[in-house]
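Here's a quick briefing for anyone opening this one for the first time. Have a look at the sequence and the 3D view, then read on.

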Amino acid sequence: MKTPSLSVIVAVRNVEKYLPKMLSSIDGQRKFLHELIFIEDGSADRTAVILEQFIRNRNNVHLLKINPTGVSFARNWGLQKATGDFVLFLDGDDLFNEFFFEKMLNAVKEDTDVVVCRSRELDDVTGLSCSQHWAVRKDNYPNNGNQVFYKYLGWAWDKIFRREFLLKNGIQFPNLQNSEDLVFVYKALLLTNKVEVIDDELIYHRVSNSLSLSNLRSKHVSDAYNAVKQLHDFLISNQKISEKNSVCFQEWAADFILWAYKIEKSSLEELKKSFPIIQWNELTYKKKLYFKPLDLKLYYILSSLPSPIRKFYFLLFFLKKYGVKRFLIRTLSETLKTILKLKGKFL
C-alpha cells in the first residue's frame with residue numbers, strides 16, 4: 001500500500017512564546033507532509049510575523065489570515081482547503097516526537113479512517129512531563145465499534161483523520177469556544193469502522209498554560225454542556241450507533257459535566273434540573289464503568305460531608321486514576337504559580 005499523504009492544519013493565535021519550538025519540530029519532519037496550513041486568527045502578538053518568516057522559501061507551507069472568529073471556524077476552513085489523504089489538527093503550542101508524522105502515516109491500513117497515538121502531559125510551569133496512560137485504554141480498543149467513550153478521549157491533536165471520510169460524513173468542529181474537539185472527535189470515532197492505535201507516546205499535551213482554551217473554560221462554561229448535548233442529539237439520530245454506546249455515553253457525559261463544572265456540592269435534584277439529558281437517577285445506583293473507583297451514589301453521599309473529608313476522598317481518587325507522579329507535578333506547578341503571583345504582588 002502506498003503511504004498516504006498528510007495535511008497538517010494549525011490554528012494559531014497569540015502563541016509567539018511557543019511557536020518557534022513547534023515550528024522547529026515540524027521542519028525536521030516536513031518531508032513526511034503533503035502540506036502545512038497555518039490559520040492565523042487575529043493575533044495581537046508576533047505570531048503572524050514569526051509565521052511569515054517561516055513560510056519563506058518553503059514549499060507546500062501556507063499561511064491564511066482571518067479575522068478573529070474562533071478555533072472551530074479556523075479548523076473547518078483549513079479542512080476545506082486541505083488536499084491530503086489524511087488531516088491532523090494541531091495548536092501553536094503543541095510539541096511532538098521526532099517520528100510523530102512518520103509513525104502516524106505508517107500505521108494507516110487500506111480501510112483505516114482514524115489513527116490514534118498515546119501522549120504525555122507537559123507542565124508549562126515546571127517543564128516536567130508524565131505519561132497520559134488513561135487517555136487511550138488498551139483493554140478497550142478492539143475494533144468493534146462499541147464503547148467509544150470508554151476507549152478514547154475527545155482530543156483532536158493525537159489523531160489523524162481520513163479527509164474523504166470527514167467530508168463524506170459532514171464532520172466539522174461546532175461553533176463553540178471550548179469543548180469543540182469532543183463533538184468532532186467522537187462523531188468521527190462513532191461513525192468509523194476502523195481505528196488504528198499506536199502504542200507509542202508521540203505528542204505532548206501542554207497543561208498549566210494560561211492561554212490555552214481549556215484554561216479559559218470558565219468564561220464559556222455552558223459550552224461543555226452544549227458539546228454533550230450535540231453528541232446526545234447525534235446518538236439519538238443514529239439509532240444503531242446509540243444502541244451500542246448509550247450506556248457508556250451517559251457515564252462519560254456525567255463524569256465530564258462533573259469535571260467541567262467543578263461540581264462538588266450539587267444535589268441530585270440540582271443536577272437533574274440543570275443537565276436533563278443525563279440519566280442521573282440510573283447512574284447513581286450503579287458502579288461507573290468509565291472511572292471504576294468512583295461510584296456516583298457514594299459521590300452524592302460525600303457531597304454532603306465537610307469539605308476536608310470530601311477533598312481527601314477526591315485526592316485518593318485522583319491519585320488512583322492518574323498516579324502519584326502527575327499529582328506531584330501538578331502540586332509543584334500550582335505552588336510555583338502561587339509563589340510567582342505573590343512575588344509579583346510585592347515587587
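A crossing is called left-handed if the near helix is turned anticlockwise from the far one by less than a right angle, and right-handed if it is turned clockwise. Helices (H or I, at least four residues) and strands (E, at least two) are DSSP runs, numbered from the N terminus. This is a predicted model, where local features need pLDDT of at least 70 and side-chain atom pairs count only at pLDDT 80 or more, while totals for chains, interfaces and linings use all residues. Residues are numbered from 1 along each chain as its sequence is written, and side-chain values use heavy atoms, leaving out hydrogens and water.

**The chain as a whole**

- The chain holds 14 helices and nine strands.
- Of its 347 residues, 51% are buried (buried means under 20% relative accessible area, exposed over 50%, and partly exposed in between, with a 1.4 Å probe and protein chains only).
- Take the contacts (heavy atoms within 4.5 Å) between residues at least 6 apart in sequence: 77% of them join residues at least 24 apart.

**Helices α1 and α2**

- Helix α1 covers residues 19-27 and helix α2 covers residues 47-55, and the two pack at an angle of about 25 degrees with their axes 11 Å apart. (Axes are lines fitted to C-alpha atoms, for helices over the stretch in contact, and angles run from 0 to 180 degrees between N-to-C directions.)
- That angle makes α1 roughly parallel to α2; angles under 35 degrees count as roughly parallel, over 145 as roughly antiparallel, 65 to 115 as roughly perpendicular and the rest as oblique.
- Their crossing is right-handed.
- On the α1 side you'll find Leu19, Pro20, Leu23 and Asp27, which meet Thr47, Ile50, Leu51 and Phe54 of α2.
- Sorted by class, this contact of α1 with α2 has six nonpolar residues, one polar and one charged. (Ala, Val, Leu, Ile, Met, Phe, Trp, Tyr, Cys and Pro count as nonpolar, Asp, Glu, Lys and Arg as charged, and the others, Gly among them, as polar.)

- Helix α7 (residues 180-191) packs against α8 at about 25 degrees, and their axes are 9 Å apart.
- α7 and α8 are therefore roughly parallel to each other, and their crossing is right-handed.
- Leu182, Val183, Tyr186, Lys187, Leu190 and Leu191 are what α7 brings to the contact, while α8 brings Ala227, Gln230, Leu231, Phe234 and Leu235.
- The contact of α7 with α8 splits into nine nonpolar residues, one polar and one charged.
- Now for the other pairing: the axes of α8 (residues 222-237) and α9 (residues 239-260) come within 9 Å and cross at roughly 170 degrees.
- That makes α8 roughly antiparallel to α9.
- The contact of α8 with α9 has 14 nonpolar residues, four polar ones and no charged ones.

**A closer look at Val228**

- Val228 is found in helix α8 and counts as buried, at 0% relative accessibility.
- Leaving aside neighbours within four places in sequence, Val228 is in contact with Phe249, Trp252, Ala253, Phe256, Ile257 and Ile277.
- Val228 and Val183 are 45 residues apart in sequence, and their C-alpha atoms are 7.7 Å apart in space.

**Leu167**

- Leu167 is found in helix α6 (residues 163-168) and is partly exposed, with a relative accessible area of 40%.
- Not counting residues up to four places away in sequence, Leu167 touches Leu79 and Gln80.
- Gln80 is 87 residues away from Leu167 along the chain, with 8.7 Å between the two C-alpha atoms.

- Most residues other than glycine have a negative phi.
- Asn14 has a positive phi, near 55 degrees, and is not a glycine.
- You'll find Asn14 in the loop between β1 (6-12) and α1, where it counts as partly exposed at 26% relative accessibility.
- Ser179, also not a glycine, has a positive phi of about 65 degrees.
- Ser179 is in the loop between α6 and α7 and counts as buried at 10% relative accessibility.

**Cysteines**

- The structure holds zero disulfides (a disulfide is a pair of cysteine sulfur atoms within 2.5 Å).
- Cys117 is buried, with a relative accessible area of 0%, and Cys248 is buried with 1%.
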